[in-house]
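User: I'd like to learn how to read a structure like this one. Can you walk me through it?

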Amino acid sequence: MLIKDFYLRHFRNYQEQKIEFQPGINLLAGPNGQGKTNVLEGIYYLLTGKSYRVKSENELILWGEKNFYLQASFDVMNRMIKLESYYETGKKVMKINQFASKRLSDYVGTVNAVFFSPEDLNIVKSSPQERRRFLDLLIAQVKPGHISILNSYLKAIRQKNNLLKRDKSTNSLRSQIQAWNEELVEFGTKILTNRWQFTEILNQYCRPIFNNIFSDQDNMELFYFGLGKKSLSEALEIFPDLLEKKMDQEIEKKSVLIGPHRDDLIINLNGRPAKIFGSQGQQRSLVLCLKLAEMEIIRREKEEYPILLLDDVLSELDEFRRQYLLDYIHITGKQTIITMTGADEKIINSQKSVFRVSNGKIWREQ
Ligand SMILES: Nc1ncnc2c1ncn2[C@@H]1O[C@H](COP(=O)(O)OP(=O)(O)O)[C@@H](O)[C@H]1O
Ligand SMILES: [Mg+2]
């Protein structure tokens with residue numbers, strides 16, 4: 001997959017900007033605070049209808065303006081696809097080839113990208129929420145229906161939580177909880193099944209990559225830890241009973257206590273959680289593995305590599321892993337957009353297209 005022309009209007013610090021991306025490596029170079037990451041954020045928004053940096057789209061509008069507009073043309077399996085996003089407070093329009101998409105799940109996954117920034121270290125280091133988000137986003141890219149299932153599940157959780165927060169003395173409370181539990185089991189089962197299946201695929205791809213980029217003495221392993229169980233069949237079997245058993249406790253605590261919204265993706269190194277026992281170098285290598293595995297899984301499903309977006313990561317990696325990543329990009333000529341400050345440029349001395357970024361303006365250098 002290739003992104004070709006990209007156009008931004010009133011997005012972040014861009015008044016109006018057109019960029020013609022090239023196949024292979026595209027460098028966005030410039031000092032800090034000039035708008036390099038904003039470009040990657042714009043591409044990501046166009047592909048997913050979401051920003052990974054902010055909750056409200058209002059923050060994405062150029063200060064003093066009322067709306068933003070993004071547009072890009074892509075090459076997917078030798079076909080041209082045009083995506084557009086328009087946003088103003090209370091109105092959001094996403095279009096594929098001129099046609100407005102009704103639901104996000106009609107839109108996400110049309111064009112795929114893997115985004116990698118230094119903050120992704122949080123996938124290994126931080127809370128289960130970060131790991132669930134990583135996994136869900138990967139699934140959504142190849143199985144867009146996953147988004148609707150997640151939304152239905154989360155809606156049922158919200159409604160059940162509201163119910164639990166209301167007066168606990170009503171007679172009908174238990175039967176109402178049971179009704180929500182049925183919904184939670186219906187959607188939760190699909191979420192668990194998808195997450196388990198994709199964790200296994202991720203594990204298959206990650207393990208050999210880790211041995212290549214870290215050491216073949218060390219072993220990594222991923223497993224999904226759902227409803228406190230290590231296997232899907234066990235988790236699915238106990239799910240309805242578990243909700244029933246937890247009912248008194250949930251009424252007492254006024255909150256839904258169990259379900260896929262509380263699960264975790266465990267990343268182990270030599271049998272121990274990498275989150276706790278991994279060194280900084282091991283944790284960084286693990287994130288790189290997860291991202292490269294994501295590239296391979298999308299390619300397997302879509303028969304084409306996604307676009308790779310690297311935000312300031314090259315300077316964070318040591319020489320060996322940086323070279324590994326650059327070789328990986330070169331082998332099949334995956335289109336990659338890399339942001340870096342001027343000082344880092346010497347680390348790339350191969351074929352590339354360089355774009356200078358300065359105070360919300362971009363021009364091509366070579
Ligand atoms: N909504 C907005 N309107 C105008 N400028 C913005 C907006 N949001 C962020 N900025 C500006 O964008 C710049 C940061 O851009 P960014 O792409 O993160 O920089 P970098 O080049 O370091 O990656 C800052 O100067 C910030 O003030
Ligand atoms: Mg940046």
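**Salt bridge and ligand site**

Analyst: Let's start with a charged pair: Arg-284 and Glu-316 form a salt bridge, their closest N and O atoms lying 3.2 Å apart. The model is predicted, so local features need pLDDT of at least 70 and side-chain atom pairs pLDDT 80 or more, while totals for chains, interfaces and linings use all residues. Residues are numbered from 1 along each chain as written, chains are lettered from A and ligands numbered from 1 in written order, and side-chain values use heavy atoms, without hydrogens and water.

User: What counts as a salt bridge, and how many does the structure hold?

Analyst: Side chains of opposite charge can pair when their charged atoms come close. The cut-off is a Lys or Arg side-chain nitrogen within 4 Å of an Asp or Glu carboxyl oxygen. The structure holds 16.

User: Which parts does the Arg-284 and Glu-316 pair tie together?

Analyst: Arg-284 sits in helix H10 (residues 280-302) and Glu-316 in the loop between strand E12 (307-311) and helix H11 (319-331), so the pair links parts 32 residues apart in sequence. Helices (H or I, at least four residues) and strands (E, at least two) are DSSP runs, numbered from the N terminus.

User: Which residues are closest to ligand 1?

Analyst: Among the 15 surrounding residues, the closest are Gly-33, Lys-36, Thr-37, Asn-38 and Ile-61; the cut-off is a heavy atom within 4 Å.
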